[in-house]
Amino acid sequence: MKTLARNVLILIFPFLVMILINEIVRPTIKEKPYEAFGVTTINSAQYLPEKCTWACHNSTEYCKQHHVKYLKPYYQKTDVLYFGLIGALKATGNYGAANILFLVLLFPLTILYFFIKSLNIQDEITRLSK
């Protein structure tokens, strides 16, 4: 039961932290929230040189010019991956749903699965060595 509780906590903890951080930051945002497809977001869509907003999501070039500091020498490599991933998500026919499914759920859950698997293997090694 102890292992099950640990594994469940490992699975839900990152999502709870993400929600907690979003809700803590929400009152500090003074700009008008962005609305898309009937959904109101936390961040605005204003072009702000001091922070990323939905403007960066909608215009990658603006974000690269104003917010990216350390990645500039690597654009030739990272742009292939970045725009390739966006192209693959758009190719599904529903970019928003694919983004949530793959980048918010499946990819992190896969990482967490293998992390939990490694802990379980370590538990088994510890148990066998006793």
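**Close-up views of a predicted model**

View 1. A polar atom of the S44 side chain lies 3.3 Å from the backbone nitrogen of Q46. S44 itself is part of the loop that runs between β2 (39-40) and α2 (54-58). Its relative accessibility is 1%, so S44 counts as buried, the cut-off for buried being under 20%. Apart from residues up to four places away in sequence, S44 touches E31, K32, P33 and Y34, and also T53, W54 and A55.

**View 2. Packing of helix α1 against helix α5.** Helix α1 covers residues 2-25 and helix α5 covers residues 95-129. The axes of the two helices are 10 Å apart, and the packing angle is about 150 degrees. Angles over 145 degrees count as roughly antiparallel, and α1 and α5 are therefore roughly antiparallel to each other. The crossing in which α1 passes α5 is right-handed.

**View 3. Residues at the contact of α1 with α5.** On the α1 side, the contact is made by T3, R6, N7, I10, L11, P14 and F15. On the α5 side, these residues meet V104, L105, L109, L112, F115, I116, L119, N120 and D123. Sorted by class, the contact of α1 with α5 holds 11 nonpolar residues, 3 polar residues and 2 charged residues.

**View 4. I116 in helix α5.** I116 is one of the α5 residues that meet α1. With a relative accessible area of 9%, I116 is buried, since buried means under 20%. When neighbours within four places in sequence are left aside, I116 is in contact with N7, I10 and L11. The C-alpha atom of I116 is separated by 9.4 Å from that of V8, although I116 and V8 are 108 residues apart along the chain.

**View 5. K64 in helix α3.** Helix α3 is formed by residues 60-66, and K64 has its place there. Is K64 buried or exposed? K64 counts as buried, because its relative accessibility is 11% and the cut-off is under 20%. Residues up to four places away in sequence not being counted, K64 touches K72, Y75 and D79.

Conventions
Residues are numbered from 1 along each chain as its sequence is written. This is a predicted model: local features need pLDDT of at least 70, side-chain atom pairs count only at pLDDT 80 or more; totals for chains, interfaces and linings use all residues. Side-chain values use heavy atoms; hydrogens and water are left out. Helices (H or I, at least four residues) and strands (E, at least two) are DSSP runs, numbered from the N terminus. Buried means under 20% relative accessible area, exposed over 50%, partly exposed in between (1.4 Å probe, protein chains only). A polar contact is a pair of N or O atoms within 3.5 Å; within protein, one must be able to donate a hydrogen and the other to accept it, and residues adjacent in sequence count only if both atoms are side-chain atoms. Contact means heavy atoms within 4.5 Å. Axes are lines fitted to C-alpha atoms, for helices over the stretch in contact, and angles run from 0 to 180 degrees between N-to-C directions. Angles under 35 degrees count as roughly parallel, over 145 as roughly antiparallel, 65 to 115 as roughly perpendicular and the rest as oblique. A crossing is left-handed if the near helix is turned anticlockwise from the far one by less than a right angle, and right-handed if clockwise. Ala, Val, Leu, Ile, Met, Phe, Trp, Tyr, Cys and Pro count as nonpolar, Asp, Glu, Lys and Arg as charged, and the others, Gly among them, as polar.
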